[in-house]
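Work through the exercises below with the sequence and the structure open. Try each task before reading its solution.

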Amino acid sequence: MHSIKTVLTEEGRDLNPTMNSMFLIGEMAKLFQIDIRTLRYYDQIGLFTPASVDEQTGYRYYSTGQFESLNTILYLKALNIPLKEIGQFVHNRNLDDILFLLKEQKTRTEEKIREFEQIQRRLEQRIHQIEDAARTEDHFRIRLADFPERTIIMLKQRIHHSDNLELWIRQLENSSPLKSSVFLGQVGLMLAVASLAEHRFDEYDAIFLFIDADKPSLPDQIVKTIPMQTCLTLRFVGTHADAAVHYKNLLSYAEEEGYTLTDDSLEITYIDYGLTQDTSKFITEIQLPVIKH
């Protein structure tokens, strides 16, 4: 055991521990640089109890023989191992149990790393989306763009363009286990090919959210894989309520240039009231899947 230098405590006595030394709870907290409340909690849950308690004063006393046990607890806690599992180990220590405990925590840590890597990717994507959408030179310009295969969860529902989408977003979110996805995802609306052909732009056919393709399995009725597409795209300043005139422009352009619609349109709001109160910064994009005649 490493030597411990003499320490003057708040109680005014020197600590120069021997194997028979006893320490008050405040002294133990100082030696191990932890909060007194932590030691009290460990005592309360039976994880690390004092060697003795003075019946008259209620003072807790710890022995040097307990140092190794507390060291082990703090080491395992630093590895983020749950206190319940630490308690099961420290009360019955053996090599098999510690190896099992460390391997289990290694697996949990690897899962957490994957989760954080996914969060990092989504943050990077969202930052790129906002910065890209804010570029004013791309506003109101019709472009032809290729999109890779994408996966969405969707809620088929007639939604009027003037409806507040929050209710439908909540229903979409509640239909899947992806509870914190909306803010970092891309919520959008779909117009069916039939609606586009009839120039009906006041009522959408579905609300959707893009998700990662490697998400855990979800009910088939809410998941759709959108194959690689070529789309005529147009970004405009505004929200879904302002989209009708831009659909007309896109469809006129498609007809003039000899394009045929191949699938439902996707209408995605990149910047809205969730990100800024400045309505002049709101950006929505229409993606119209097409093929050349």
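Accessible areas come from the Shrake-Rupley method with a 1.4 Å probe, and for residues only the protein chains shown count as cover. This is a predicted model, in which local features need pLDDT of at least 70 and side-chain atom pairs count only at pLDDT 80 or more, while totals for chains, interfaces and linings use all residues. Residues are numbered from 1 along each chain as its sequence is written, and side-chain values use heavy atoms, with hydrogens and water left out.

**Exercise 1. Find the nonpolar patch on the surface that includes Ile119.**

Step 1. Like charges are joined within 9 Å, and nonpolar side chains (Val, Leu, Ile, Met, Phe, Trp, Tyr) within 5 Å.

Step 2. The members are Phe116, Ile119, Leu123 and Ile127, which together have about 390 Å² of accessible area.

Step 3. Ile119 lies in helix H5 (residues 95–133). Helices (H or I, at least four residues) and strands (E, at least two) are DSSP runs, numbered from the N terminus.

Step 4. An α-helix has 3.6 residues a turn, so residues three or four places apart point the same way.

Step 5. With a relative accessible area of 39%, Ile119 is partly exposed. The scale is: buried under 20%, exposed over 50%, partly exposed in between (1.4 Å probe, protein chains only).

**Exercise 2. Describe helix H3 and state what its buried residues pack against.**

Step 1. H3 (residues 67–78) has 12 residues and reaches 16 Å from its first C-alpha to its last. This is close to the expected 16 Å at 1.5 Å a residue; the expected span is 1.5 Å times one less than the number of residues.

Step 2. Its buried residues are Phe67, Ser69, Leu70, Thr72, Ile73 and Leu76.

Step 3. These pack against strand E3 (22–24), helix H1 (25–32), helix H2 (36–44), strand E5 (60–63), helix H4 (83–90) and H5. Contact means heavy atoms within 4.5 Å.

Step 4. Leu102, in helix H5, touches Leu76, Leu79 and Ile81, not counting residues up to four places away in sequence. Leu102 and Leu79 are 23 residues apart in sequence and 8.8 Å apart in space, C-alpha to C-alpha.

**Exercise 3. Which residues touch the most other members of the largest nonpolar core?**

Step 1. A nonpolar core is a set of buried Ala, Val, Leu, Ile, Met, Phe, Trp, Tyr and Cys residues joined through side-chain atoms within 4.5 Å.

Step 2. The largest core has 29 residues, and Ile159, Tyr204, Ile207, Leu232 and Tyr247 touch the most other members.

Step 3. Among the elements that give two or more residues to this core are strand E7 (150–160), strand E9 (203–211) and helix H8 (244–257).

Step 4. Another core, of 21 residues, lies apart from it and includes Ala29, Ile34, Leu39 and Ile73.

Step 5. Leaving aside neighbours within four places in sequence, Tyr247 is in contact with Leu191, Leu196, Phe201, Tyr204, Ser265, Glu267 and Ile286.

**Exercise 4. Are Gln33 and Asn80 buried or exposed?**

Step 1. Gln33 is in the loop between H1 and H2, and Asn80 is in the loop between H3 and H4.

Step 2. Gln33 is exposed, with a relative accessible area of 75%. Asn80 is exposed too, at 62%.

Step 3. Gln33 is not a glycine, yet its phi is positive, near 55°. Asn80 is not a glycine either, and its phi is about 65°.

Terms used:
Patch = residues over 30% accessible without salt bridge, like charges linked within 9 Å, V, L, I, M, F, W, Y side chains within 5 Å. Salt bridge = Lys/Arg side-chain N within 4 Å of Asp/Glu carboxyl O.
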